[in-house]
Amino acid sequence: MYDMKALYEAKSVEDAIRLLQEHPEAQVIAGGSDVLVQMREGKRAGVELVSIYGLDELRGVTMDEDGTIRIGSLTSFSHITKDPLIQKHIGVLGEAVDMVGGPQIRNIGTIGGNTCNGVTSADSASTLFAWDARIELTGPEGVRVLPIRDFYIKAGKVDIRPGEIQTAILIPRESYEGYAGHYIKYAMRNAMDIATLGCSVNVKLSDDKKTFTDIRIAYGVAGPVPMRAAHAEAAGRGLEVTEESIEKLGDTVLEDVTPRDSWRASKAFREHISKVLCKRALREAVRRAGGMTAEQNPAASDSETVEPAEKKEQPGAASGASRHTIMTDSESGKQYKLVRCRINGVERETMVDVRASLTDMLRNDYSLTSVKKGCEVGECGACNVIIDGECFNSCIYLAVWADGKEIRTLEGLMGPDGELSDIQQAFIDEAAVQCGFCTPGVIMSAVEILESGKEYTRDELRNLLSGHLCRCTGYENILNAVEKTMKKRLGSTDKIN
Ligand SMILES: Cc1cc2nc3c(=O)[nH]c(=O)nc-3n(C[C@H](O)[C@H](O)[C@H](O)COP(=O)(O)OP(=O)(O)OC[C@H]3O[C@@H](n4cnc5c(N)ncnc54)[C@H](O)[C@@H]3O)c2cc1C
Ligand code: FES
Ligand code: FES
């Protein structure tokens with residue numbers, strides 16, 4: 001159970017504003033991947049929460065008439081990466097948020113939460129700085145929009161007034177048209193690690209691709225808040241596109257960055273990689289913009305037409321036909337909600353305490369003990385289940401959000417007489433199980449992978465399984481099991497590594 005005083009679920013943006021005014025101490029919860037983890041750590045113990053997770057109106061990416069790209073604040077990282085408008089116009093943002101945590105975190109974490117937490121290492125933040133993003137906030141006084149650099153006040157503090165919520169992130173046409181960019185995250189691990197330093201660069205080149213018309217260089221973890229390297233940018237405008245210019249600009253960033261020592265890296269190391277990452281990101285951005293190595297760069301073409309993404313309900317989001325409201329027990333003051341959902345193909349209904357996680361509900365109310373309690377802070381994947389077709393760590397998913405959802409656990413994979421599914425059998429055949437604690441969670445990720453019907457490379461599979469920790473088997477056997485099942489299902493005759 002989460003240590004929470006009360007939970008209020010907003011039904012609309014206006015309702016969220018009303019709830020925040022009625023409960024001035026309450027904090028907003030979106031996907032909860034920061035809030036719930038901090039509650040577990042005791043940092044937000046006893047809080048009142050206003051949940052906006054069910055507000056589908058804040059999900060999705062659209063284009064306004066003037067060409068502004070509007071990213072709803074509740075859009076999850078994985079949906080940003082897959083979105084056609086993002087891919088066509090500001091693909092770097094999709095690449096940047098694809099480096100957040102692991103797949104399950106990218107399914108739950110929202111871009112609004114990633115910016116409202118005020119954290120300098122947030123993977124979306126430096127890229128949004130490099131796109132000159134604007135932040136839309138809606139509150140009791142109406143809507144206001146401010147440049148992202150004004151949104152960040154200091155480490156962990158952003159400009160959100162009482163009663164306000166962030167409703168969208170806007171990228172005006174002039175901020176992206178004609179630009180190409182690249183984001184590099186330097187971290188100690190390829191997955192499930194926050195950035196030691198992040199650098200996002202956008203360039204606009206002259207028509208003949210020989211001159212930098214504009215350059216934007218943005219950093220995370222190079223200061224207390226995400227920042228732009230103003231001196232280097234000014235020095236770059238009008239410069240010839242040459243290797244010497246790139247070297248010079250990379251060295252100039254030291255006039256701007258102010259990193260600090262931390263347990264992850266020293267100030268000196270961060271200064272060093274500020275230069276190195278800038279140069280690497282610049283080279284790639286220039287290549288993508290058609291400069292220097294234009295002949296190798298058909299991808300920079302802007303001619304492909306992409307229709308705006310249809311706005312559709314996001315899996316795992318808390319809306320749905322059977323929405324119920326939270327009730328308060330007058331004697332104990334405890335809050336409950338009737339949660340009706342489909343679990344492993346069967347309609348289920350139970351009254352849950354609002355403080356319960358989905359792990360609590362699945363284990364305690366439905367005896368689905370394949371859903372393991374491991375780290376309980378979203379890091380190990382032992383509690384992973386499929387909600388509306390996507391994987392989520394159920395330990396950082398409120399049980400009340402399951403109302404109206406389709407949930408699948410390992411128990412649902414077996415046949416009527418307990419026959420194992422092909423992927424379960426493959427885990428046995430490949431000796432991909434020892435203690436088995438991690439296994440159900442890994443298998444549920446494998447199910448999502450297999451049901452996509454796509455053929456992935458071994459490296460892609462490694463990435464798709466990166467939200468899981470196994471303490472005893474080792475990952476090669478797990479990869480073998482998933483890869484063999486994938487190839488078998490697809491009828492592929494390719495040799496398995
Ligand atoms: C295991 C793990 C790994 C992670 N790895 C990374 C990583 O590699 N890179 C990275 O950048 N992050 C990482 N994160 C952090 C986290 O996933 C992101 O910060 C996420 O974007 C937060 O979004 P959320 O919707 O879950 O926010 P929440 O936890 O719901 O909220 C975060 C904060 O923002 C506020 N808030 C949220 N939405 C709004 C809104 N619309 N209006 C006003 N206030 C709002 C909340 O009050 C809270 O203060 C990781 C987290 C976990 C648990
Ligand atoms: S991720 Fe949920 S228990 Fe570890
Ligand atoms: S098999 Fe033991 S933790 Fe993975």
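Trainee: How do the residues of the shell around ligand 1 divide into nonpolar, polar and charged?
Mentor: They divide into 15 nonpolar, 14 polar and three charged. Here Ala, Val, Leu, Ile, Met, Phe, Trp, Tyr, Cys and Pro count as nonpolar, Asp, Glu, Lys and Arg as charged, and the others, Gly among them, as polar. Keep in mind that this is a predicted model: local features need pLDDT of at least 70, side-chain atom pairs count only at pLDDT 80 or more, and totals for chains, interfaces and linings use all residues. Residues are numbered from 1 along each chain as its sequence is written, while chains are lettered from A and ligands numbered from 1 in the order in which they are written.

Trainee: OK, how many residues surround ligand 1, and which are the closest?
Mentor: There are 32 around ligand 1, and the closest are G31, D34, G101, G113 and N114. The elements giving two or more residues to that shell are β2 (27-29), α2 (35-40), α6 (103-108), α7 (111-116) and β10 (165-171). A residue is near the ligand if its C-beta atom, placed from the backbone, lies within 6 Å of it. Helices (H or I, at least four residues) and strands (E, at least two) are DSSP runs, numbered from the N terminus.

Trainee: Which element gives the most to the shell?
Mentor: That's α7, with four residues.

Trainee: Let's zoom out. How many helices and strands does the protein have?
Mentor: The secondary structure comes to 18 helices and 20 strands. The C-alpha atoms fill a box of roughly 70 × 60 × 45 Å, taken along the principal axes.

Trainee: What radius of gyration does the protein have, next to a compact globule?
Mentor: The protein has 23 Å, which agrees with the value near 23 Å for a compact globule of 497 residues. That radius is taken over C-alpha atoms, and the globule rule is 2.2 Å times the number of residues to the power 0.38.

Trainee: And what share of the residues count as buried?
Mentor: 48% of the 497 residues do. Buried is when 20 or more other C-beta atoms lie within 10 Å of a residue's own, exposed is 12 or fewer, and partly exposed is in between, with C-beta atoms placed from the backbone.

Trainee: Take helix α8, then. How many of its residues are buried?
Mentor: Eight of the eight residues in α8 (residues 123-130) are buried. Among them are D123, L128 and F129. Just after α8, D132 takes a positive phi of about 55°.

Trainee: New topic: what does strand β18 pair with?
Mentor: β18 (residues 384-387) runs antiparallel to β19 (residues 390-393), joined by four bridges. It also pairs with β20 (residues 406-408), in the antiparallel sense over two bridges. Pairing requires that DSSP finds at least two bridges between the strands.

Trainee: Which residues are the bridge partners of I386?
Mentor: In β19 the partner of I386 is C391, and in β20 it is R408. On β18, N384 and I386 on one side and V385 and I387 on the other are all buried.

Trainee: What about the turn between β18 and β19?
Mentor: Those two strands form a hairpin with two residues between them, and D388 in the turn has a positive phi of about 45°.

Trainee: Where is E376 found?
Mentor: E376 is in the loop between α14 (358-365) and β18. Although not a glycine, E376 has a positive phi of about 60°.

Trainee: Why does E376 count as partly exposed?
Mentor: Because E376 has 19 other C-beta atoms within 10 Å.
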